[in-house]
Structures are given as structure tokens and as C-alpha cells.
Amino acid sequence: MSARKNIVLGLAAAALAGSMATVTGPAEATAATTKGAAAECGVRADGKLWCGNRVGAKGYEHRRYNSAVRGPLNTSPSWFQCWGRGDQHAGGNNVWYWTKLDNGQWGNVAAVDVHTSVDPAPGLREC
């Protein structure tokens, strides 16, 4: 093999090794995608608010803490159908978001548990 061919093959091998070191594995790609989705918070074309939320947040039958708990939000991000006013909560307002909880029940989640920048979320309908 000529010296020139050896150099070309050596450079190609080095380039291939370098590119393999920067390949993102499936777990890393999924984590990055999930993080990006959780950071996004806004009303989409379907009219729903898609936003990150506190994992473990409770959904209530009514917009009151003393109403029945319908279930949790165990995943984030989640989508929310609409908003309404209810009990004051630690978020400093009385806005609650209506959503289908992770157990299939519908419930109201206090805005303090939804990662919005302002409540109610702009563009989301009131219910």
C-alpha cells in the first residue's frame, strides 16, 4: 500500500472515530427531547395548553382543595383543555386548569402546579 493511501485511510479512520464520539445515544436524545417539550408552554393549534407541570400534582373534582381528588398528573408535560377561577393557591392567584389526568379521570389542577409564565395562559379558553 502506498504512503499516500495509508495517510488517507488514517485520516478517514480518525474522522470516523471523532464523529462516533459525538453521536448521541437514545437515552440522551430522549432526555433532551423531553426537556425541550417540558420547557415549551403554550396553546397549540388544537386549542389546548401544552405545558410542563409538577409531577404528582393532584386533580380535583372542583376548583377547591376540599373537593374530591380525582387523580394525579404523574407525567410532564401535560395538556390542559381550559381554565377557570376557584380557590386561591400558593401560586398567588385563583386560576385552575381542567385536564384529563393520568388515570383517565378529568380534574382541575391548581395553576401553581402548571409551569406557565402567566395565569391564565394567554390564548386558552375559559371554562
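Predicted model: local features only at pLDDT ≥ 70, side-chain atom pairs only at ≥ 80, totals over all residues.

Q: What percentage of the residues count as buried?
A: Of the 127 residues of the protein, 26% are buried. Buried means under 20% relative accessible area, exposed means over 50%, and partly exposed lies in between (1.4 Å probe, protein chains only).

Q: How many helices and strands are there?
A: There are two helices and eight strands. Along the sequence the pattern reads α-α-β-β-β-β-β-β-β-β. Helices (H or I, at least four residues) and strands (E, at least two) are DSSP runs, numbered from the N terminus.

Q: Which strands make up the open sheet?
A: Three strands form an open sheet in the order E1-E2-E5, with antiparallel pairing. E1 and strand E5 (78-80) are the edge strands, each pairing on one side only. Two strands pair if DSSP finds at least two bridges between them.

Q: How many bridges join E1 to E2?
A: Two bridges join E1 to E2, and these strands run antiparallel. Gly42 stands opposite Trp50 in E2.

Q: Changing topic: how many disulfides does the structure hold?
A: The structure holds two disulfides, a disulfide being a pair of cysteine sulfur atoms within 2.5 Å. With bonded cysteines counted along the chain, they follow the pattern 1-2, 3-4.

Q: What does Cys41 join to, and is that link left-handed or right-handed?
A: Cys41 is joined to Cys51, with an S to S distance of 2.0 Å. The link is left-handed, with -100 degrees about the S-S bond. Cys41 lies in the loop between helix H2 (26-39) and strand E1 (42-43), and Cys51 in strand E2 (residues 49-51), so the pair ties together parts that are ten residues apart in sequence.

Q: Are those two cysteines buried or exposed?
A: Cys41 is partly exposed, with a relative accessible area of 32%, whereas Cys51 is buried at 0% relative accessibility.

Q: And what about Cys82 and Cys127?
A: Cys82 and Cys127 form a disulfide with their sulfur atoms 2.0 Å apart. The link of Cys82 and Cys127 is right-handed, with 85 degrees about the S-S bond. Cys82 lies in strand E6 (residues 82-85) and Cys127 in the segment after E8, so the pair ties together parts that are 45 residues apart in sequence. Cys82 is buried, with a relative accessible area of 1%, and Cys127 is partly exposed at 37%.

Q: Where does Thr116 lie?
A: Thr116 lies in the segment after strand E8 (106-110). Thr116 is buried, with a relative accessible area of 16%.

Q: Which residues is Thr116 in contact with?
A: Leaving aside its neighbours within four places in sequence, Thr116 is in contact with Cys41, Leu49, Cys51, Tyr97 and Ala121. Contact means heavy atoms within 4.5 Å.

Q: How many salt bridges are there?
A: The count comes to three salt bridges, each being a side-chain nitrogen of Lys or Arg within 4 Å of a carboxyl oxygen of Asp or Glu.

Q: What does Asp113 form with Arg54?
A: Asp113 forms a salt bridge with Arg54, the closest N and O atoms being 2.9 Å apart. This pair links distant parts of the chain, with Asp113 in the segment after E8 and Arg54 in the loop between E2 and strand E3 (57-60), 59 residues apart. Asp113 is buried, with a relative accessible area of 10%, whereas Arg54 is partly exposed at 40%.

Q: Which residue does Glu40 form a salt bridge with?
A: Glu40 forms a salt bridge with Arg44, the closest N and O atoms being 3.2 Å apart. Glu40 is partly exposed at 36% relative accessibility, and Arg44 is partly exposed at 37%.

Note on methods. Residues numbered from 1 in each chain as written. Heavy atoms only, no water.
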